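Here is a short note for a first look. It covers charged pairs, then a sheet.

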Amino acid sequence: MSKGKKNILIIMGRYLPGYKDGGPVRSIKNLIDFIGDEYNFHILTCDRDHGDVEPYPNIKVNEWNQVGKAKVFYVPPKGFTFKVIKTLAKQVDLLYICGCFNDYAVHTLILKRLGFIKKPVVVAAMGLFSPMEFQLKYKKKKIFTTIFNSLGLFKNIYWSATSPMEIDEIAQQIKIHDNFFIAEDLPRKVDGTSIKKHKEAGSLRVVWISRIAPKKNLLGTIQILKSVRSQVEFTIYGPKHVEDYWEKCEKELKSLPKNIDWSWKGNIESEKVVENLKPYHLFLFPTLGENYGHVIQEALSAGCLCIVSDQTPWSDLDLHEAGFVFPLDNLELYVKALESYADMDEKEFQNVSRKAKQYALIKNIEKIDNNGYREMFNTL
């Protein structure tokens, strides 16, 4: 490992060139883009994307690969062994684990508890403890946290959360004291170039992009659209993360009224997301919970208005005229907002689209100036 700068080992399920995991990959990519010159980042991750049976082409498995500003060590499935983690842990100053329910996290926590890892270990909560997220697979997660609490596997580690609210959510399930840092996810860099939106009054191009899984609430999105009377072109992007859930969504999509013209266009590579979103007017996302919501930032960067649930940190969209934030149990509010945007002509819409992008630029500057990662990495 390189000397001089602090060496940090990030352990995560998937990284570039993978993109199907969405937010976690984006979070780490953005982190390394912004402060990758200040630290030596090393990443231990799987050699293939979610659901794939073959490793990424043109990578070396069980060896270091240079990926952007980071060195990446790819392992095959079930390759996050005690031996690999223990060996790499000896070569760095700090370990940063994305999540705590995966095999790599469990192995790392056991090694730390048994004293085989001497370096500080930080666990990034990644939104896993938000009430709605925790309810998904609740029994399994509750058994896990109960056992790990009783065995003391969360002792002598640090937590990384994106907000004080997330610290409270962790504390509802895990015994913590003052062993945490608040470090908000860093956004994707925003291109300041203006975006021209073509629009006719009475119609709207609506986009939904995310992993197709219950937490992302595509079903809720469809329910909202069922009550919209304007002409809507509705496009879905994202991998079918949970096949049974997609089948439910597809059944509901087929029952949409004729004024809603829907299509599923599959996956988009992470680096092409903003460009793909530019032709759309509005991002509709009644998610059950996001600890950041990279897709919201990306939609705003593409000049899309956003209508999202109140389960994300993007709580002030309406103050900046960049969209609306509504509770999940009042679909009527979503419908009214959609109809109001549909009524706009091109000139009116261009004005609000410009404000959405301006909001993305402002938030970008705030996030970069106030991020807590340097404090975490420099303190431990």
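Is K69 buried, partly exposed or exposed? K69 is partly exposed, at 36% relative accessibility. Buried means under 20% relative accessible area, exposed over 50%, and partly exposed in between (1.4 Å probe, protein chains only).

1. Ground rules. This is a predicted model: local features need pLDDT of at least 70, side-chain atom pairs count only at pLDDT 80 or more, and totals for chains, interfaces and linings use all residues. Residues are numbered from 1 along each chain as its sequence is written, and side-chain values use heavy atoms, with hydrogens and water left out.

2. Salt bridges. The structure has 17 salt bridges. The term means a side-chain nitrogen of Lys or Arg within 4 Å of a carboxyl oxygen of Asp or Glu. Side chains of opposite charge can pair when their charged atoms come close.

3. D37 and K69. Their closest N and O atoms are 3.4 Å apart, in a salt bridge. D37 sits in the loop between α1 (23-35) and β2 (40-46), and K69 in the loop between β3 (64-67) and β4 (70-75), so the bridge ties together parts 32 residues apart in sequence. Helices (H or I, at least four residues) and strands (E, at least two) are DSSP runs, numbered from the N terminus. D37 is exposed, at 53% relative accessible area.

4. R374 and E38. Here the closest N and O atoms of the salt bridge are 2.8 Å apart. R374 belongs to helix α13 (residues 373-379) and E38 to the loop between α1 and β2, 336 residues apart. R374 is partly exposed at 30%. E38 is partly exposed at 34%.

5. E290 and K216. This salt bridge has its closest N and O atoms 2.9 Å apart. E290 lies in the loop between β12 (282-285) and α10 (294-301), K216 in the loop between β9 (203-209) and α7 (218-225), so parts 74 residues apart in sequence are tied together. Both E290 and K216 are buried. Elsewhere, shared partners join R26, K29, D33 and E271 into one salt-bridge network.

6. The sheet. Six strands make an open, parallel sheet, ordered β11-β10-β9-β12-β13-β14. Strands pair if DSSP finds at least two bridges between them. β11 (260-264) and β14 (323-326) are the edge strands, each pairing on one side only.

7. Inside the sheet. β12 pairs with β13 (residues 305-309) in the parallel sense, over four bridges. L282 stands opposite L305 in β13.
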